[in-house]
Amino acid sequence: MESFWHHQSPGNFEVLRGPLIVDVLVIGAGYTGCWLAYWLRDSGLRVAVIDGQTPGYGASGRNGGLLLQGPAQLLSELSQVLGLDNARDIFRWTRRTFDWVQRLADQYDFDYRVTGSLYVGGDSTERDSVEKTVDLMKEVSIPARVVPRVEQPLSIQRLGYDLGAWFPDDGMMHPVKLMRALLAEAQAGGVRVYHKSRALSMEEDPHGARVVGSGFAINAERVVIATNAYTGEWLAPLKPFIQPVRGQVLATEPLPAIDHVYPVYADHGFNYWHQRPDGRLIVGGFRHLALDEEVGTDLVLHQPIQARLHQLAADLAGRPVTVTDRWAGTMAMTPDHRPLWGHWRGPIWIAVGYNGHGGTVAPVAARMVRDNLIDGTPVFAPYDVARIGKTGE
Ligand SMILES: Cc1cc2nc3c(=O)[nH]c(=O)nc-3n(C[C@H](O)[C@H](O)[C@H](O)COP(=O)(O)OP(=O)(O)OC[C@H]3O[C@@H](n4cnc5c(N)ncnc54)[C@H](O)[C@@H]3O)c2cc1C
């Protein structure tokens, strides 16, 4: 099952056959693997990236295309868990993504638009979080403002959200075109990218690790695991730490402009939508209607949820709409809702588990893993994979 984004090819790649020796092997070519390839392109190291399917096959080619600062939680929620200083730091890091993306967008067209985004909440707990978030963002000098219901566009007012928060620096993009740009840059810098080359097993040895797939074997001094929700399927020791969870999305036919073009994130972040420059509405969410069913890596449509998404698209457009693409995608959740990144053990680094929000988090994860791998720069401590121990030893 393909997404609307998959109508675009992520580039030209070979299938890996036979033996390969590299300094760094990145396993998985979603946002994380593609950003790693990009960051490592000028490292002077021999770098290869392999994907079991094709770059963008996973969550990165099946998401909503929203580029929102911060991890999945609002700043007020995150600061309760990590403390304000840590929460501010990770927000600032993810905001650096906007410059990184802009630099690429100056060279490549991936429909990047800085539009601002609106977060809307419907119940009293969310009202509290929204207000506190805006206050905290002002405190740490990040632009944000409260948007009361009367100031929301009419199509959103009709949905009945009590309060909103406006974040002017957020935006949207075409995820597969973005990955295509990252990989084009990486390949031009000498990084070798292979598709349809699935890692089946990995053994550590005195020189690094040996990764074997069907038809190939790679000896790598260092390996980065970027297989996200799929990690537990091929690396059993990590299975308890990464839960695959499914989300549903659709795209409509191109429509006349609705009354807002920016991304909207609603209902504790479960629902989201935006109108693309070509007029299509991308609408995703309602996972909370079937939390027990929407688990695992099988890419299947959940018909009742798809029906709700279709209704939401029609409500936003104020008219019946034709859906052209429906898809499911798998994201990775962790037990403590924090990503896992950094040096895991021996020759192995990891960057997975963004808990449903990777557009700006994956580039930071990739950047920190790259720096740690090259010169030992510490990664963001609250997300350091060290907290799970060197399981399986
Ligand atoms: C439905 C949905 C909507 C979302 N919406 C948004 C959004 O709008 N904005 C946002 O910021 N985030 C969103 N997210 C989250 C975001 O998409 C993810 O956090 C991000 O894409 C994760 O990137 P990744 O590279 O870590 O993983 P993935 O994109 O899942 O990449 C993992 C890759 O590893 C490959 N792989 C797996 N096993 C192997 C193996 N054994 N050998 C080799 N390769 C392997 C897969 O083929 C895949 O390409 C959404 C996620 C979903 C599922």
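Helix α1 is largely enclosed by the rest of the structure, because 10 of its 10 residues are buried; buried denotes under 20% relative accessible area, calculated with a 1.4 Å probe and protein chains only. Helices (H or I, at least four residues) and strands (E, at least two) are DSSP runs, numbered from the N terminus. The structure is a predicted model, in which local features need pLDDT of at least 70 and side-chain atom pairs count only at pLDDT 80 or more, while totals for chains, interfaces and linings use all residues. Residues are numbered from 1 along each chain as its sequence is written, and side-chain values use heavy atoms, with hydrogens and water left out. Among the buried residues of α1 are Thr32, Cys34, Trp35 and Trp39.

The largest nonpolar core comprises 76 residues, and Trp35 and Trp341 have the most contacts inside it. A nonpolar core is here a set of buried Ala, Val, Leu, Ile, Met, Phe, Trp, Tyr and Cys residues joined through side-chain atoms within 4.5 Å. This core lies between domain 1 (4-62 + 176-241 + 335-388) and domain 2 (114-170 + 243-333), because both give residues to it; the domain bounds come from an automatic or database domain assignment. A second, separate core has 31 residues, including Leu25, Tyr194, Ile218 and Ala332. When residues up to four places away in sequence are not counted, Trp35 touches Trp100, Val101, Leu104, Leu178, Leu182, Pro363 and Ala366, a contact being heavy atoms within 4.5 Å.

The ligand has 39 residues around it, of which Thr32, Asp51, Gly52, Ser60 and Gly359 come nearest; a residue belongs to this group if one of its heavy atoms lies within 4 Å of the ligand. At least two residues of the shell are supplied by each of α1 (31-40), β14 (243-254) and β18 (323-333). The largest share, three residues, comes from β18. A polar backbone atom of Gly64 is 3.1 Å from a nitrogen atom of the ligand. On its own the ligand has 1000 Å² of accessible area (Shrake-Rupley method, 1.4 Å probe), and the protein covers 98% of this area.

Serine 79 is located in helix α2 (residues 75-82). This serine counts as buried because its relative accessibility is 13%. Leu84, Ala87 and Leu136 are touched by Ser79, not counting residues up to four places away in sequence.

Methods: Buried means under 20% relative accessible area, exposed over 50%, partly exposed in between (1.4 Å probe, protein chains only). A polar contact is a pair of N or O atoms within 3.5 Å; within protein, one must be able to donate a hydrogen and the other to accept it, and residues adjacent in sequence count only if both atoms are side-chain atoms.
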